[in-house]
There are 2 protein chains.
Amino acid sequence: MAARQLKLGAFMRPVSIHTGAWRYPGATRDANFNLQALKRYAQALEKAKFDAFFMADHLAVLNMPIDALKRSHTVTSFEPFTLLSALSQATEHIGLIATASTTFDEPFHVARRFASLDHLSEGRAGWNVVTTSNPDAALNFGREEHVDHARRYARAREFFDVVTGLWDSWADDAFVRDAEQGIYFDPARLHTLAHKGEHFAVRGPLNIARPVQGWPVIVQAGASEPGRQLAAETAEAVFTSVPDLAAGQAFYADVKGRMDRIGRNREHLKILPGALVVVGETHEQAREIRARLDALVHDASAIASLSVMLGHDVSTFDLDGPLPDIPESNASKSGRQRAVDLARAENLTVRQLAHRMGGYGGLAFVGTVTTIADEMQEWLEAHGSDGFNVMFPWLPGGLDAFVQGVVPELQRRGIFRREYEGRTLRENLGLPRPENRFFRR
Amino acid sequence: MAARQLKLGAFMRPVSIHTGAWRYPGATRDANFNLQALKRYAQALEKAKFDAFFMADHLAVLNMPIDALKRSHTVTSFEPFTLLSALSQATEHIGLIATASTTFDEPFHVARRFASLDHLSEGRAGWNVVTTSNPDAALNFGREEHVDHARRYARAREFFDVVTGLWDSWADDAFVRDAEQGIYFDPARLHTLAHKGEHFAVRGPLNIARPVQGWPVIVQAGASEPGRQLAAETAEAVFTSVPDLAAGQAFYADVKGRMDRIGRNREHLKILPGALVVVGETHEQAREIRARLDALVHDASAIASLSVMLGHDVSTFDLDGPLPDIPESNASKSGRQRAVDLARAENLTVRQLAHRMGGYGGLAFVGTVTTIADEMQEWLEAHGSDGFNVMFPWLPGGLDAFVQGVVPELQRRGIFRREYEGRTLRENLGLPRPENRFFRR
């Protein structure tokens, strides 16, 4: 039997996920609105047989002090649906994952846009289902108070049911287009959802044919208790933020265990931790690249980023003392916990924590092609993950180093594809095509 | 001085606006989800120097009796933003106009998507601002009752102010990207809208740079009293539905007069009636094409379409008697009035009216290349319009006949461009680039 295979997504901000990256020599500083650069990245990832191009997203400019904000390249870029639709025409195989919020959007719109992207890309769309933890987003949608965490998840679950129900409005074979008889579709193959729930009332049917994949691939990133349960019940890929292999294994065992308990096949959900990958000719060179990037993060940015992550203004703390206990907030629980855990584990001052988190605070593989492939293989074999959402330290250089160095090494080891297995994102990820809940073929 | 020039948009449903078209011999029946066909149409229109590809839209499957609905090709197709983003990559010059509803969407989302399409297409986006007259749409967005007409327009006006304010969040020169100093943008060139109005509270700023065109081109189609006033105040192109030249002249004079009274330059709004154009080798052949299309509309469809247009179930009327007086409804006032006027003017029975309106009930130019060019020229010179939103009777044949026959004739007469004048939709339409309301250069 063939070895288990890694699945690789590229988690993309146009300039990089690392907040210092735009200042790095050779970086594409204007990539936020440089479609040619983004096409080139997508094509390079596709040539390397990546599963998906996963576009990061926010629904607000972060509410940082202006002295920090003005140093950030992350606040503005293309909107994901329009961008991915354009990229669908410059690529043929790579999956296209967009984020849509269950808190600040409507199920009818979301179902429709993903179905359309799936048709345009011939089956390559994925929906990253987020409840939107950024409290500033609420202020752009007429709400003074952010929706609380529990209610966001209850709404998310119902939102998911409505969207998938709308995708199933039409049987796959509904459109007969019989010109002779004048029958465009078979009315027996159309279902009107007529959903009335606690959060939504949506009649349907959706005004678009069933997606090529049945449903676009369902992606989630929540790590809280309700987030994990929602993932185990509904997700097909999970973007996790775990700091190390032990945490990865614990998350993996927990979510796959939840799947066992509800009778879902464990293979039908791929757990893909986010990982910054910094490739050097030597281990030392890789560390130098990382250090140089971190040094390019401004002090003000670092403090402000940590404040956003914790949901508290940390500039009021003693910056050179330990992180004090901070009260509950409405910020993402997983991001908050990660910061707190890191500070405790490494005994960091608030300022040290801010600098670490301010550039990029999560899991990172920093080394040579060989050590990075070793680590990825170890995670795979130790059931720490089913693959990764790779983040590049700067672009294009960091991306090129990965696809030219690490990917061939993973292929040589037989743990990453040399050719796409299928035609759709779902097929490449090894996921079944959902049956239509209202129609059997 | 050069002659006034026609502006030409193509108002597109993938199969055709005519409900019988999908049954026409040679029609592309599956065009709703056939991207290759739509790319070919967009490229043919661009080669013919059309100003814009204008994608029709609905937010619901029409609530017709199923025996009528099953005969309709118009209920399902690509969602406009995703489609136009994809088409932006297959074209270089033609404008891309999408519809977005001020009743069932959020200003932040709408501002963002249009800004993104404008960046992706390098300045070719247009926003068709609609208040959504289809009462079935409300049921897909959690509302039992459709929002009434007056309130829809009040909300539309505020929605427009918020969207344009969000587009002006960033000065055109805000992004300095000074790597040396670590300044990505100049905070003095960022404006936070902080809008609080009757219908919306939106803080901003928008998380995308100012559109290439400043603002995407503003398009409207309302013909009611508040619709005309909103157009005179805010629109840059108006898609009108007028039955004949006299009505076109009256509308033209009315809206341009409203512009005079508020001090707007009349040239800064292009009035473009929708017109079905059926080209034949002879006048008789053109009429035969039209008659054949109309004959392909099923009786049930015709009755149901008229019911939707009037906001009343006309199957309860005496179908072979005259159209009775019908009470006010919440349906589009302009469409309703057009049907009533046509029935009165031509003394049609309900059934006759239904057949006429059921295929396509509006202005049509049916004739040879010469007679169609004559009519278009007459409208232009008699101030009935500034051009047209052309609709093709079937595709690809009806489109090809227009671009291969009528366009060269208009060019020969010097009333249509041989080359695009500018780089953006706005430049081609001869519209000024809006100043940023918060920043002067």
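Student: Before we look around, what counts as a salt bridge here?
Tutor: A salt bridge is a side-chain nitrogen of Lys or Arg within 4 Å of a carboxyl oxygen of Asp or Glu. By this rule the count comes to 64 salt bridges over all chains.

Student: OK, and what kind of model is this?
Tutor: This is a predicted model, where local features need pLDDT of at least 70 and side-chain atom pairs count only at pLDDT 80 or more, while totals for chains, interfaces and linings use all residues. Residues are numbered from 1 along each chain as its sequence is written, chains are lettered from A and ligands numbered from 1 in the order in which they are written, and side-chain values use heavy atoms, with hydrogens and water left out.

Student: Switching topic: how is chain A divided?
Tutor: Chain A has domain 1 (7-279 + 368-429) and domain 2 (284-359). Those bounds come from an automatic or database domain assignment. The C-alpha centres of domain 1 and domain 2 of chain A lie 26 Å apart.

Student: How many residues does the contact take from each domain?
Tutor: In chain A, 26 residues come from domain 1 and 22 residues from domain 2, with contact meaning heavy atoms within 4.5 Å.

Student: And how much do the two domains bury between them?
Tutor: Domain 1 and domain 2 of chain A bury about 2,100 Å², 65% of it on carbon and sulfur atoms. Buried area is the accessible area (1.4 Å probe) that two parts lose on being put together, summed over both. On the domain 1 side, His18(A), Tyr24(A) and Val278(A) supply 24% of the area buried against domain 2 of chain A, more than any other three residues.

Student: How many salt bridges are there across that interface?
Tutor: The rule finds 0 salt bridges between domain 1 and domain 2 of chain A.

Student: Now the two chains. How many residues of chain A are in contact with chain B?
Tutor: 73 residues of chain A are in contact with 73 residues of chain B. Together chain A and chain B bury about 6,400 Å², 60% of it on carbon and sulfur atoms.

Student: How many salt bridges are there across this one?
Tutor: The rule finds 4 salt bridges between chain A and chain B. A cross-chain salt bridge joins the side chains of Asp57(B) and Arg112(A), at 2.4 Å, N to O.

Student: Which helix or strand gives the largest share of the chain A side?
Tutor: That's α4(A), which supplies 8 residues of the side of chain A that touches chain B.

Student: How can chain A be laid on chain B?
Tutor: A turn of 180° and a shift of 0.0 Å along the axis does it, with an RMSD of 0.0 Å. The two copies are thus related as by a two-fold rotation axis. Copies are superposed by least squares on the C-alpha atoms of residues with pLDDT of at least 70 in both.

Student: Which C-alpha of chain A is nearest the axis?
Tutor: In chain A, that is the C-alpha of Ala86(A), 2.3 Å from the axis.

Student: Why do the copies meet through the same surface?
Tutor: Because 100% of the interface residues of chain A are also interface residues in chain B.

Terms used: Helix = DSSP H or I, 4+ residues; strand = E, 2+ residues; numbered from the N terminus.
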